[in-house]
2 protein chains.
Amino acid sequence: MQVEGLSINLATIREQCGFAEAVDICLKHGITSIAPWRDQVARAGLDEAVRIVKSNGIKLTGLCRGGFFPAANDADWQKNLDDNRRAIDEAAAFSADCLVLVVGGLPDSSKDIVAARKMVFDGIAAVLPHARAAGVKLAIEPLHPMYAADRACVNTLGQALDMCEQLGEDVGVAIDVYHVWWDPDLANQIARAGRMNRIFAHHICDWLVPTKDMLLDRGMMGDGVIDLKGIRRMVEAAGFFGAQEVEIFSAENWWKRPADEVIATCVERFRSCCQA
Amino acid sequence: MQVEGLSINLATIREQCGFAEAVDICLKHGITSIAPWRDQVARAGLDEAVRIVKSNGIKLTGLCRGGFFPAANDADWQKNLDDNRRAIDEAAAFSADCLVLVVGGLPDSSKDIVAARKMVFDGIAAVLPHARAAGVKLAIEPLHPMYAADRACVNTLGQALDMCEQLGEDVGVAIDVYHVWWDPDLANQIARAGRMNRIFAHHICDWLVPTKDMLLDRGMMGDGVIDLKGIRRMVEAAGFFGAQEVEIFSAENWWKRPADEVIATCVERFRSCCQA
């Protein structure tokens with residue numbers, strides 16, 4: 001039986017299996033939407049990964065990831081742009097809904113977050129023509145402020161949407177509950193994203209209390225404090241009815257369990273905790 | 001020689017020494033402003049702590065802390081308000097510049113952050129008459145969003161100032177660089193806080209890359225990525241010229257060093273990294 005409205009970000013079972021096996025497990029559980037990471041695709045081989053996706057009627061709710069624009073020097077800057085263009089090409093090969101952008105933090109030991117944000121803007125602007133030519137939408141993923149220094153200096157939905165407004169069509173947002181659930185302006189900004197027609201993805205997991213690791217201790221939906229149904233209601237009221245994509249980094253828990261159990265739990269929790 | 005403009009939050013050396021010894025070390029280094037925590041005061045005895053402070057001409061840039069308003073039931077709610085009134089009385093005994101409010105997170109296993117925020121507002125409103133009668137200013141400290149669930153559901157300066165506007169006089173903000181440095185709207189909100197005349201405290205430390213612990217891995221000024229001089233310029237441009245208060249929780253580094261070395265380093269880094 002197909003599970004409508006659920007996508008699995010393959011990072012969720014990255015420690016347990018490679019691309020082909022991950023797809024098989026998703027299909028076994030009736031899931032036909034996925035979001036792979038580029039390193040997972042590279043290990044399988046891009047052509048083979050695309051063949052697996054297309055021959056099984058699978059849809060990509062996103063490819064993870066482009067981004068990491070800020071650079072300490074010109075050579076790195078060009079390298080970053082080139083890598084983003086390759087990521088765009090890969091997203092195009094999959095006909096992915098979007099390329100997710102984790103935009104990058106402070107280059108080297110910079111203390112200038114304003115300059116880093118300018119580089120992010122300039123970097124997206126620089127690769128946007130390539131994305132448009134390839135028919136690939138770019139989804140800025142605002143990351144939780146605890147990642148501002150080392151992963152992404154775009155940290156709120158409002159900030160991301162300000163960028164989208166200036167960049168124009170084909171640049172939108174990936175709304176990941178883990179990163180935005182705390183935002184006092186969340187409801188307003190989701191509604192605004194809807195009016196702009198720029199919601200390209202909706203990622204889910206949960207915020208555990210306590211959180212033991214800043215990167216690798218995300219929770220399964222229902223095990224934490226995020227109002228997942230409430231946020232989904234906001235997202236649907238804003239006009240986005242695409243799949244909810246489960247993305248869980250969990251070094252000490254879910255990555256240590258059999259992938260089949262993890263995906264079965266995702267399906268169960270999606271049904272009990274996530275639908276509007 | 002007195003060090004003008006520097007205050008030491010005694011949490012910075014809480015593992016090394018008690019109240020009296022901490023004060024002695026500060027005085028030895030020419031520091032006459034401090035901010036103690038209530039548990040440190042309680043261990044010394046309130047009367048004795050007040051005597052030490054007043055007999056040495058010491059000023060409190062704040063007393064830490066009131067807050068933790070959200071409650072799962074009426075009994076806890078009343079207990080929280082009573083505790084805040086006691087904290088206000090202690091701040092008054094010291095003639096502290098303000099009582100710092102770490103407002104609290106989600107009560108029990110609640111997923112309703114909007115309700116928690118309402119409780120924070122109602123709690124401050126409930127104790128505000130007591131604070132005004134005692135001549136104590138209340139400083140809402142917006143905490144980093146990574147503490148939204150378990151420590152403080154007020155997570156941006158803008159959100160705190162919205163509350164201040166509704167609550168009226170004698171409620172302002174403590175601007176701690178660790179909590180707000182990432183905020184894309186930081187410059188605007190500091191300027192706004194200045195126009196409202198509601199900056200009651202300015203706390204400093206640094207954000208380390210990587211940060212190894214969400215609570216106890218704050219950095220010494222200069223060791224991280226925060227633009228301390230830049231933020232101080234914003235704060236002074238907004239009209240606040242009070243002391244910068246060093247508050248470092250550092251289980252694996254600064255709490256393991258001799259208090260004398262820690263305070264000497266605070267003075268040195270204050271001079272080299274923090275002044276506008």
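Because the model is predicted, local features need pLDDT of at least 70 and side-chain atom pairs count only at pLDDT 80 or more, while totals for chains, interfaces and linings use all residues. Residues are numbered from 1 along each chain as its sequence is written, chains are lettered from A in the order in which they are written, and side-chain values use heavy atoms, with hydrogens and water left out.

**View 1. Where chain A meets chain B.**
Contact here means heavy atoms within 4.5 Å, and 28 residues from chain A and 28 residues from chain B take part. By class, chain A's side of the contact has 14 nonpolar, eight polar and six charged residues. For that tally, Ala, Val, Leu, Ile, Met, Phe, Trp, Tyr, Cys and Pro are nonpolar, Asp, Glu, Lys and Arg are charged, and the others, Gly among them, are polar.

**View 2. Polar pairs across the interface.**
A salt bridge is a side-chain nitrogen of Lys or Arg within 4 Å of a carboxyl oxygen of Asp or Glu. What the interface does have is four residue pairs in polar contact, both residues at pLDDT 80 or more. A polar contact is a pair of N or O atoms within 3.5 Å; within protein, one must be able to donate a hydrogen and the other to accept it, and residues adjacent in sequence count only if both atoms are side-chain atoms.

**View 3. Trp181 in the nonpolar core.**
The largest nonpolar core has 192 residues, and Trp181(A) and Trp181(B) touch the most other members. Such a core is a set of buried Ala, Val, Leu, Ile, Met, Phe, Trp, Tyr and Cys residues joined through side-chain atoms within 4.5 Å. Buried means under 20% relative accessible area, exposed over 50%, and partly exposed in between (1.4 Å probe, protein chains only). Setting aside neighbours within four places in sequence, Trp181(A) is in contact with residues of chain A including Leu186(A), Trp207(A) and Ile231(A), and with Leu106(B), Ile113(B), Ala148(B) and Ala149(B) of chain B.

**View 4. Tyr178(A), tucked into helix 7.**
Tyr178(A) sits in helix 7 of chain A and is buried, with a relative accessible area of 0%. Helices (H or I, at least four residues) and strands (E, at least two) are DSSP runs, numbered from the N terminus. Beyond neighbours within four places in sequence, the contacts of Tyr178(A) include His144(A), Tyr147(A), Cys205(A), Asp217(A) and Arg218(A).

**View 5. Helix 8, one chain then the other.**
In chain A, helix 8 covers residues 186-195, and its buried residues are Leu186(A), Gln189(A), Ile190(A), Arg192(A), Ala193(A) and Gly194(A). Those buried residues pack against helix 6 (157-167), strand 7 (171-176), helix 7 (177-180), strand 8 (199-204) and helix 9 (228-237) of chain A. Just after the helix, Asn197(A) takes a positive phi of about 60°. Over in chain B, Gln189(B) belongs to helix 8 and counts as buried at 11% relative accessibility. Its side chain makes a polar contact with the side chain of Asp185(B) (2.8 Å). Leaving out neighbours within four places in sequence, Gln189(B) is in contact with Leu157(B), Gly158(B) and Leu161(B).

**View 6. Salt bridges within the chains.**
Over all chains the count comes to 46 salt bridges. One of them joins the side chains of Asp170(A) and Arg132(A) (3.2 Å, N to O). That pair links distant parts of the chain, 38 residues apart: Asp170(A) is in the loop between helix 6 and strand 7, and Arg132(A) is in helix 5 (residues 113-134). Asp170(A) is partly exposed at 25%, and Arg132(A) is partly exposed at 39%. In chain B, Lys256(B) and Glu252(B) pair at 2.9 Å, N to O; Lys256(B) is exposed at 58%, and Glu252(B) is exposed at 62%. Back in chain A, Arg38(A), Asp83(A), Arg86(A) and Glu90(A) are linked in a network of salt bridges.
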